[in-house]
Amino acid sequence: MKYVSVSIVGKPNVGKSTLINGIFEKEVVISSNKPQTTRNMIELTYDYDKDYLINFIDTPGLHNPKNKLDLFLNSQVKASLKKSDLVLFIFDVSREFDEEDKECLKILKDFHIENPVLILNKKDLVNKNNIEKNKEFLLKQFEFKKCLDINAKNKYDNLKVLDLIKDFAFEYEGNTSDLHSLKKEISDKFFVSEIIREVIINLFRQEIPYGVAIVIDEMKYDNEKNLLSINFSIVVEKESQKPIIIGKSGQMIKKINQTVREKLLQTYDCKIFTSSYVKVKKDWRNNEIQIKELGYKK
């Protein structure tokens with residue numbers, strides 16, 4: 001069997017998580033049209049054509065850091081590069097090349113990436129001339145081994161990405177049965193916490209989503225009742241954010257719980273019960289101890 005580890009990098013909101021979800025044909029990582037949705041380096045294994053095992057690494061968008069959490073997010077990208085056989089640099093052709101794109105390429109150069117591939121995403125939003133112009137420009141900026149233009153929401157384009165990845169796979173030298181130990185899946189707790197955060201990102205504007213962390217306090221399944229019970233905390237960094245999350249007469253927190261249940265029912269074939277609490281940890285994004293306590297660990 002052949003194996004390859006693939007890191008997906010780029011600045012925020014270029015379609016990294018959309019590409020992962022498109023390949024898996026279901027929501028395995030959260031995505032949003034708001035930047036900095038992904039906070040952790042997320043690894044998922046994909047079996048392709050029976051003879052290929054692909055380990056995908058979804059990363060936070062590289063951006064100019066404003067706090068210690070941002071520094072952590074950027075460190076996740078760099079950590080992913082150290083364990084990758086192939087790096088897909090995602091560029092949004094509907095946006096201009098900027099300093100964040102430039103920083104991404106600088107990091108690829110600094111790490112002496114052996115197999116860099118350029119993926120020009122959102123081709124459906126621009127004309128062919130624009131795509132060719134971006135391709136020509138980016139190939140002058142960095143020596144990519146291959147280039148592919150796609151729409152990450154298009155199933156057939158995602159199959160092209162998989163076929164491209166196959167070209168970089170190598171024969172696994174160990175016992176093929178050991179490959180099962182390399183398979184990576186997202187834990188239920190992590191998946192649920194990410195769904196809750198996605199709901200909050202989409203329900204609130206401005207700084208609220210970026211100052212929120214989710215803690216799963218308890219999660220248990222009752223086999224007799226076919227009921228999954230989830231108790232979670234929504235952590236904010238300012239006292240003024242707590243009443244916004246709760247809403248007038250508790251309407252917003254009710255909406256959060258209702259929307260979370262609806263989203264989870266798309267994945268879990270059981271009844272869902274949720275209860276939530278809102279806690280304040282002042283300026284937690286600049287507190288290294290609290291960042292680790294909230295699950296952001298290198």
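**Reading the features**

Q: What should I know about the origin and numbering of the model before going on?
A: This is a predicted model, in which local features need pLDDT of at least 70 and side-chain atom pairs count only at pLDDT 80 or more, while totals for chains, interfaces and linings use all residues. Residues are numbered from 1 along each chain as its sequence is written, and side-chain values use heavy atoms, with hydrogens and water left out.

Q: Is aspartate 283 buried, exposed or partly exposed?
A: Buried means under 20% relative accessible area, exposed means over 50%, and partly exposed is in between, with a 1.4 Å probe and protein chains only. Aspartate 283 has a relative accessible area of 40%, so it is partly exposed. Its place is in the loop between β10 (271-280) and α10 (288-293), and aspartate 283 has a positive phi of about 50° although it is not a glycine.

Q: How many residues of helix α1 are buried?
A: Seven of the nine residues of α1 (residues 16-24) are buried, so this helix is largely enclosed by the rest of the structure. The buried ones are Lys16, Ser17, Leu19, Ile20, Asn21, Ile23 and Phe24, and what covers them includes β1 (2-9), β2 (42-48), β3 (52-58), β4 (86-92) and α5 (155-166). After α1 comes glutamate 25, whose phi is positive, near 60°.

Q: At what angle do α1 and α5 pack?
A: Axes are lines fitted to C-alpha atoms, for helices over the stretch in contact, and angles run from 0 to 180 degrees between N-to-C directions. Angles under 35 degrees count as roughly parallel, over 145 as roughly antiparallel, 65 to 115 as roughly perpendicular and the rest as oblique. Here α1 and α5 pack at about 95°, with their axes 9 Å apart, and the two are therefore roughly perpendicular to each other. With contact taken as heavy atoms within 4.5 Å, Leu19, Gly22 and Ile23 in α1 meet Asn158, Val161 and Leu162 in α5.

Q: Which way do the residues of β5 point?
A: Pro116, Leu118 and Leu120 point one way from β5, whereas Val117, Ile119 and Asn121 point the other way, and all are buried. Two strands pair if DSSP finds at least two bridges between them. Six bridges join β4 to β5, which run parallel, and phenylalanine 89 has leucine 118 as its bridge partner in β5. Four bridges join β5 to strand β6 (residues 146-149), again running parallel, and isoleucine 119 has leucine 148 as its bridge partner in β6.

Q: What is the handedness of the unit made by β4, α3 and β5?
A: A crossover is right-handed if, with the strands pointing away from the viewer, the path from the first strand over the helix to the second runs clockwise. The β-α-β unit made by β4, α3 and β5 is right-handed.

Q: Which residues are in contact with asparagine 115?
A: Asparagine 115 sits in the loop between α3 (99-110) and β5, and it is buried, with a relative accessible area of 13%. Leaving aside its neighbours within four places in sequence, asparagine 115 is in contact with Asp85, Leu86, Val87, Lys145 and Phe168.

Q: In what order do the strands of the open sheet with mixed pairing lie?
A: Three strands form this open sheet in the order β8-β9-β10. The edge strands are β8 (213-222) and β10, each of which pairs on one side only, and the twist averages 15° from one strand to the next. Strand β9 (residues 227-236) pairs with β10 in the parallel sense over 10 bridges. Helix α9 (residues 251-264) packs on the sheet, touching β9 and β10, and its direction makes about 140° with that of β10.
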